[in-house]
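Open the model in a viewer and keep the selection panel at hand. The stops below go from one selection to the next.

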Amino acid sequence: MLLEVTGLNKTYGQGPGATEAVHNLTFGVQESEFACIVGPSGCGKTTLLRCLAGLLPATRGEVTLRGQRVDRTPDDMALVFQEYSRSLFPWMTVRENVAFPLKRKKHSKAKVKELVDRSLTAVRLDQFADHYPWQLSGGMQQRVAIARALAYEPAILLMDEPFASLDAQTRADLEDLTLQLRTEFGVTIVFVTHDIDEAVYLADRVIALTQRPTQVQEILDIPLPRQRDQLTTKELPEFTQLRAHVYRLIKRPDEVSGRQQPSALTRA
Amino acid sequence: MSAGTAQPAAISTASRRPRLRVPGAVQGLLAVIALLALLELVTAVGLLPERHFPLVSNDLKTLFDQLSESSFWSAVGETLHAWAIGFAIAAVLGIVLGILIGASEELFAATRVVIEFLRPIPSVALIPLAVLVYGTGIKSAVFLAAFAALWPILVQAIYGVRDVDPVALDTARAFGFGRFQRMRYVMFPSAVAYVVTGLRIASSTAIILVVTAELVIGAPGLGKEINLAQSGNDLELMYALIIATGLLGWALNVAFTWIERRTLHWHPSQRPTEGS
Amino acid sequence: MSLSLSRRRAFLLALEIGTPILVVVLWYALSANSTSFYFPPLSRMLDSFKDNWLFARFSSDVIPSLVRLILGYVISVAVAVPFGVLLGLSPTARRATSPIVEFLRAIPAPALIPFGIVVMGIGNTMKIFIIVMVCVWPIMLNTIDGIRAVDPQLIDTAKAYRTGTWDRLRYVILPAAMPQIFAGMRTSLSLAVILMVISEMVASTNGIGYFVLQSQRTFAIPDMWSGIILLGLLGFGLNVLFGIFESRALAWHRGARSAAR
C-alpha cells in the first residue's frame with residue numbers, strides 16, 4: 001500500500017459541543033491506482049482530504065505514506081484544490097505559479113525550466129506561460145493548478161473536487177485530461193468528489209462514504225476497461241449498473257443496508 | 001462541502017491548544033496598565049529625563065484634577081463645538097453634492113479632474129487664508145474643519161452612487177421597480193455603505209483640523225490650552241491635556257465605528273474574518 | 001447606436017478636460033482687475049510663484065520641507081509594515097496592543113507638537129517624529145487587516161507544497177496583503193504633507209509651511225498665495241507619483257479585479 005488510513009477520526013471542539021466530522025475511516029490506496037472518494041454532500045470529504053494531506057491533525061488514528069506517518073504534507077504529495085482562483089497566486093504568472101513550489105527543491109535553473117515546460121505542455125498551456133492566471137478561463141486556471149502539481153513530481157496527487165466549479169463540458173475535457181496525465185506521469189491519484197458519474201468514470205476503485213459522522217460505506221472495484229471514453233464507456237451496461245449502485249449507496253443507503261450487492265462487481 | 005468545514009475549522013485551534021482564555025478586553029487592559037507602570041518606572045528611576053517627562057502618575061492626577069475645572073470643560077466644549085459645526089457643514093455639502101455628481105455622467109466628467117486636484121491639497125495650507133478672512137476665532141477652525149472633512153465624504157458619496165451593482169439595478173428593474181423606488185431601495189443602501197465610511201474618516205479629519213487651528217492660530221479650545229501649558233512650562237498639565245485630546249479623538253472614533261457597524265451590519269466589510 | 005455612443009464618450013471627455021481649463025481661465029479673467037487685498041489677481045500670484053519658487057527659495061525652503069517629508073514617510077513605512085505583519089499574524093499580540101494603538105492613533109496629531117518641542121526642540125527631529133507619529137497608524141492598521149484577510153486557501157496551498165515560513169511570508173502573505181498596505185501608504189502620504197506643513201507653521205525657521213505663515217503675518221499676500229499654490233501642486237504631484245508607483249506594483253491586482261467583474 002502506498003497510502004494507508006487507519007482508524008482516522010476527526011472531532012472538532014470538545015465536550016458536549018463537539019462535532020464529529022469523521023468517525024472512523026480505514027482504507028488504503030495502492031501504487032499507481034486511481035481512487036475516488038465519493039460521499040453525500042457535507043459528509044466531511046474536505047476534512048478527510050486535509051487530514052490526508054497533513055494540513056489538519058487527526059483526533060485519532062493515523063495516515064501513513066509508504067509507512068511514514070503523515071503529520072505535514074509529504075515531499076512527494078501534491079494537491080489540487082477545488083477553488084483554482086484561490087489557490088493560484090494572482091501576482092505570479094502561470095510560469096511563476098508552476099515554478100513556485102520547486103523553489104525549495106534546489107533544482108538547477110535548467111531543471112526547473114524543463115519541469116515547468118513539460119507540465120505546461122502536458123496540460124496544453126505552453127502558449128500561456130507568461131499570462132497571469134486571472135487572464136485565463138476557469139478550466140485553464142485549473143489546468144495551471146494541475147500543471148503545478150505535476151511539476152512537483154509527486155508520487156501521489158490529491159485532488160479535492162477539482163472540477164466542481166466548472167461547466168459540464170469543460171469538466172468532461174478535464175476528466176479525460178486527468179486520465180491521460182495519470183498514464184503519462186504514472187502518478188497515483190486520490191480524487192475527492194460528490195459527483196457519482198465522475199467517480200465511476202475516473203476510478204479504478206471507488207471509496208463510498210456515509211453521512212456524518214463519516215465512515216467507509218463500501219469500497220468497490222470498477223472493472224471497466226482502462227481506456228475510457230465519455231461516450232462509449234458511459235454507454236456500457238456495467239457503467240450504468242455501477243453508477244446506480246453507487247447512487248444507492250450515497251443517496252438511499254437504507255435500501256442497500258442488507259448489503260445485497262451485485263456480487264460479481266464487488267470486493268469489500 | 002467546504003461550507004460544512006469552514007466553521008468548525010476555526011473552533012479547532014481553540015480545542016487543540018486548551019488554555020486559559022483571557023477575554024481580549026482584559027488582555028488589552030492589562031497591556032495598558034503594564035505600559036503605564038513601565039513608563040512610571042522609567043521616569044521614576046530617571047531613565048527618561050524628568051525635566052521633559054514628569055511622572056506618569058502625576059500627569060494622570062493632573063488630568064483627574066482637570067475634570068473638576070470648569071475651564072477644562074469649556075475648552076473641551078469649544079473644541080467639540082467647532083468640530084460639530086465643521087463636520088455638519090461638510091456632511092451636508094458632501095452628501096448632497098456627491099449624490100448629484102455621482103448620479104450624472106456629465107457632472108461627474110466635468111468635476112472629476114477639479115476634485116482630484118483639490119482633494120490632495122493639504123487643507124492646512126489654507127490656515128493663513130482662514131486667518132485673513134475669518135480671524136483667529138472659532139470661524140477659522142470651522143472653515144478649516146469643513147474644508148478638510150468635505151473631501152472624504154464627497155468622494156465616498158460619488159463613488160457610492162456610481163458603484164451600485166448593475167445586476168442589483170437590473171433585478172429591481174426586472175421586478176418593475178420605478179426610478180424613485182430603485183433609488184430608494186437599491187442605490188441608497190449601497191451608497192450609504194460608502195457615505196458612512198466617509199463620515200467616519202471625515203470626523204477624525206475634522207477634529208485634527210480643529211486642534212490644528214487652535215494650536216497654530218490660537219482659536220479657543222484644547223489645542224490652545226496645550227500650547228499655553230507648554231509655553232508656561234507646566235508639563236504635567238500639557239501631558240494631561242494631550243491625553244484628554246487623545247481620549248476625545250478616541251471617543252469620536254468609537255462612536256463612528258459603532259454607527260458604521262450598526263448601519264452596515266449586512267455589508268461584506270463588516271463580517272468577522274476570524275472565527276474566535 | 002455606436003456612433004451616438006462614441007459621440008457621447010467624446011463629449012464626456014471634452015467635459016473632463018475642458019472644465020478644469022475653463023475654471024483656471026475664468027479665475028484668471030475674473031480676478032484680473034481684482035482690487036481685493038486678500039484675493040489678488042491670479043497673474044500676480046503666478047508672478048510671485050515664479051519669483052519665489054523658480055528657484056530662488058527652492059533650496060532654502062522647498063528642499064528642507066521635502067527632506068522632512070521623505071524621511072518621515074520612509075521611516076513610517078519601515079516601522080509600520082513589520083509591526084503590522086507581526087500583529088496581523090498574532091491574535092494575542094493584536095488583542096494586547098489594540099487599546100494602546102487605538103488611543104495613540106486617535107490623538108489628533110498636532111496636539112503632539114508641543115510635546116515634540118519640549119522633548120526634541122524645534123529642529124528636524126521633532127518634525128520627522130511628528131510625521132512618523134501620524135503616518136504609521138494607517139499603514140500599520142491596513143497591514144494588519146491585509147494580513148488577516150489573506151485567503152486561507154492560498155496559505156494552505158503554500159503549506160501543502162512545503163513552503164518554508166520565510167518564503168511563505170515573502171512570496172505569499174506579503175504580496176496578498178500588498179493592495180491594502182498600499183491603501184494605507186496612500187492615506188499616510190497626504191497625512192505626511194499635512195503634518196510637515198503644520199509642524200513648520202508651529203515651530204520652524206524655514207520650510208514651505210513656515211514661508212506661507214510668515215507671508216501672511218507680514219501681509220505679503222501674493223507670496224502667501226504662491227505658497228498655497230505650491231503646496232497644492234506638491235500634494236497633487238505626490239499623489240500622482242504614488243498612483244504611478246502603485247499601478248506598477250499592483251498591476252496584477254487591478255487585472256485580477258477587473259477580471260472578476
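Start with the second largest cavity, whose lining residues divide into four nonpolar, three polar and one charged. Here Ala, Val, Leu, Ile, Met, Phe, Trp, Tyr, Cys and Pro count as nonpolar, Asp, Glu, Lys and Arg as charged, and the others, Gly among them, as polar. This is a predicted model, in which local features need pLDDT of at least 70 and side-chain atom pairs count only at pLDDT 80 or more, while totals for chains, interfaces and linings use all residues. Residues are numbered from 1 along each chain as its sequence is written, chains are lettered from A and ligands numbered from 1 in the order in which they are written, and side-chain values use heavy atoms, with hydrogens and water left out.

Select Pro120(B) together with Arg186(C), Leu189(C), Ser190(C), Val193(C), Gly235(C), Leu238(C) and Asn239(C) to show that lining. A cavity is a set of points on a 1 Å grid over the protein atoms alone where a 1.4 Å probe fits but cannot get out, and lining residues have an atom within 4 Å of a point. The space inside is about 60 Å³; grid points are joined across faces, edges and corners, and the volume is that filled by probe spheres set on the points. In chain C, helix H8 (165-202) and helix H10 (221-249) each supply at least two lining residues, and H8(C) gives the most, with four. Helices (H or I, at least four residues) and strands (E, at least two) are DSSP runs, numbered from the N terminus.

From H3(C), residues including Tyr73(C), Val77(C) and Val81(C) meet residues of H8(C), among them Ile181(C), Met185(C), Arg186(C) and Leu189(C). Contact means heavy atoms within 4.5 Å. This helix contact divides into 15 nonpolar, two polar and three charged residues.

Next, colour chains B and C separately. Their contact takes 53 residues from chain B and 53 residues from chain C. The buried area is about 4800 Å², with 75% from carbon and sulfur atoms; buried area is the accessible area (1.4 Å probe) that two parts lose on being put together, summed over both. Pick out Pro122(B), Pro128(B) and Leu132(B), which supply 12% of the area that chain B buries against chain C, more than any other three residues.

Which residues line the largest cavity? Select Ile101(B), Phe108(B), Thr111(B), Arg112(B), Ile115(B), Glu116(B), Val155(B), Ile158(B) and Tyr159(B). Helix H5 (105-118) and helix H7 (138-162) of chain B are the elements that give two or more residues to this lining, and H5(B) gives the most, with five. The cavity holds about 70 Å³ of space.

Finish in chain A. A cis peptide bond joins Arg212(A) and Pro213(A), with omega about -15°; Pro213(A) lies in the loop between strand S9 (205-209) and strand S10 (214-221). Then go to Arg124(A), which is not a glycine but has a positive phi of about 60°. Arg124(A) lies in the loop between helix H4 (109-122) and helix H5 (138-151) of chain A.

Note on methods. 1 Å grid on protein atoms, 1.4 Å probe; cavity = no way out; pocket = protein on both sides within 12 Å on 5 of 7 lines; lining within 4 Å.
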